[in-house]
Amino acid sequence: MSESMRRFGIGYALAPKKQQSFIQVSLVNLAKERGVDLIKIDTEKPLVDQGPFDCILHKLPGEEWRKQLEDFSLKNPNVLVIDHPDSIERLHNRISMLQVVSELTSPPAAAAVGGVENQNEETFGVPKQIVIYTNEALLDPVVLLDLKFPVIAKPLVADGSAKSHKMSLVFNRDGLNKLKPPIVLQEFVNHGGVIFKVYVVGDHVTCVKRKSLPDVSEEKLASLEGSLPFSQISNLTGQDRLDENYYEAMHLDQAEMPPLSFITDIARGLRRAMRLHLFNFDVIRDVRVGNRYLVIDINYFPGYAKMPLYETVLTDFFVEIFQKTKEENLKVDANCSKLVGSEKEERKLVSNTCGDENDGDVPVSGLSREEKENTLQV
Ligand SMILES: Nc1ncnc2c1ncn2[C@@H]1O[C@H](COP(=O)(O)OP(=O)(O)OP(=O)(O)O)[C@@H](O)[C@H]1O
Ligand SMILES: O=P(O)(O)O[C@H]1[C@H](OP(=O)(O)O)[C@@H](OP(=O)(O)O)[C@@H](O)[C@@H](O)[C@@H]1OP(=O)(O)O
Ligand SMILES: [Mg+2]
Ligand SMILES: [Mg+2]
């Protein structure tokens, strides 16, 4: 087949619900028109027996899948795996998930993301939070001294299970009794009932608004008892909502968006620090400070179908990695031809780049050297 006829095969391994929402005919057709074939991976069969693929997209839980990816990568060293399970793993714990945001706001890193932390401009961070592992710690008044009610109790584990989305808005100490550690207690920050969801697809960033939990005033707090359980609030509709009057009165279209350049800088910083290509993060604006933003959640491979123009954005991303892979292969061929037998093979097992030119932060197969090291491939 001539180079111009070459197509790019992307294998995808997704849970049924995710597959249904993400793999829509409109996406499959657009990708096909642009030379990219989306191929379903049969999760009932060993991955090593499937293919050929140029790239694998995946979001599946468990060690078994991870092992399958490792075995596949050993056998198919040139296949890009987006993203590396280690990078995804960090998002399965609500403490490590937000640690990366704090790292970005420390002075040297803040400079690296383009001076996001400028005194006169918008700032970002994470809400105050603590992790509670035992019932004893939960009931220990000293442990909670630093936190101010209301708080949100979130399961420590964020593995995509229904359980991991079950939260409680806790108004006072009594409300702590029903909670089941391990949990994260995070200060609830009044944010005008609007949440910003920032979708990242490689270099692409889209920010949308969604309805969130309503503010809790000091007066209201004094009258509220215990806690209020909820789940996936920004995805709720109709009768599921906590307070229909509030939602009726809330005009989402009037809410001001955060500056796009500010959001894009955070997205870029997170993408680099986490070495991930496909994620979204939730941001709220602290009503007390106005230009202070807090990242409260980061999700791997979110519900992209809800993102405007998702087919185009995702297809552009696929085509971009396709192009970069082609360019890289040409470079590899040129350089490898200088190498002999075993040396050439040995180098291939370490990376699909040959020669030292990639020792710098040069993009390789769509990824910087640093990113590439964290993308399963040989
Ligand atoms: N610290 C906070 N202050 C105010 N509201 C919050 C805070 N943390 C969470 N919320 C509200 O609770 C919702 C759920 O929280 P979070 O996003 O952490 O849960 P999740 O189950 O991981 O969500 P997702 O469905 O996006 O994965 C948020 O969308 C927001 O409306
Ligand atoms: O599709 P999945 O089952 O993965 O659900 C994801 C969900 O997408 P969906 O609404 O299309 O279901 C996402 O919604 P948006 O942020 O895009 O609104 C978000 O809630 C993720 O956290 C969920 O991933 P999880 O954390 O549960 O793995
Ligand atoms: Mg969220
Ligand atoms: Mg989440």
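This is a short tour of a predicted model, stop by stop, for you to follow in your viewer.

**Before you start**

Residue numbers run from 1 along each chain as its sequence is written, chains are lettered from A and ligands numbered from 1 in the order in which they are written, and side-chain values use heavy atoms, with hydrogens and water left out. Because the model is predicted, local features need pLDDT of at least 70 and side-chain atom pairs count only at pLDDT 80 or more, while totals for chains, interfaces and linings use all residues.

**Stop 1: the whole protein**

Show the cartoon and you will find 13 helices and 14 strands (DSSP runs numbered from the N terminus: helices are H or I with at least four residues, strands E with at least two). Of the 378 residues, 48% are buried (buried is under 20% relative accessible area, exposed over 50%, partly exposed in between, with a 1.4 Å probe and protein chains only). The protein exposes about 18900 Å², and carbon and sulfur atoms supply 52% of that (accessible areas come from the Shrake-Rupley method with a 1.4 Å probe; for residues, only the protein chains shown count as cover).

**Stop 2: ligand 1**

Now select ligand 1 and the 23 residues around it; those that come nearest are Lys154, His165, Gln186, Ser212 and Gln232 (a residue is near if one of its heavy atoms lies within 4 Å).

- The side chain of arginine 94 has an N or O atom 3.0 Å from an oxygen atom of ligand 1.
- The side chain of aspartate 282 also places an N or O atom 3.0 Å from an oxygen atom of the ligand.
- Glutamate 187 uses a backbone N or O atom, 2.9 Å from a nitrogen atom of ligand 1.

On its own, ligand 1 has 620 Å² of accessible area, and the protein covers 97% of it. Colour β7 (151–155), β9 (183–187), β10, β13 and β14 to see the elements that give two or more residues to this shell. β14 gives the most, with three. By class, the shell has 11 nonpolar, six polar and six charged residues (Ala, Val, Leu, Ile, Met, Phe, Trp, Tyr, Cys and Pro count as nonpolar, Asp, Glu, Lys and Arg as charged, and the others, Gly among them, as polar).

**Stop 3: ligand 2**

Move to ligand 2, which 15 residues surround; the closest are Lys17, Lys59, His165, Gln232 and Lys306. A polar side-chain atom of lysine 17 lies 2.7 Å from an oxygen atom of ligand 2. Tyrosine 199 has a side-chain N or O atom 2.9 Å from a ligand oxygen, and arginine 210 has one at 2.9 Å from an oxygen of the ligand.

Colour domain 1 (8–82 + 310–353 + 361–372) and domain 2 (90–306): both give residues to the shell, so ligand 2 lies between them (domain bounds come from an automatic or database domain assignment).

**Stop 4: aspartate 286**

Select aspartate 286 in the loop between β13 (278–285) and β14 (292–300). Aspartate 286 is buried, at 4% relative accessible area. Leaving aside neighbours within four places in sequence, aspartate 286 is in contact with Val189, Asn190, Arg292 and Leu294 (contact means heavy atoms within 4.5 Å).

**Stop 5: serine 26**

Finish in helix α2 (residues 25–33), where serine 26 lies. Serine 26 is partly exposed, at 32% relative accessibility.

Key: Polar contact = N/O pair within 3.5 Å; in protein donor to acceptor, adjacent residues only side chain to side chain.
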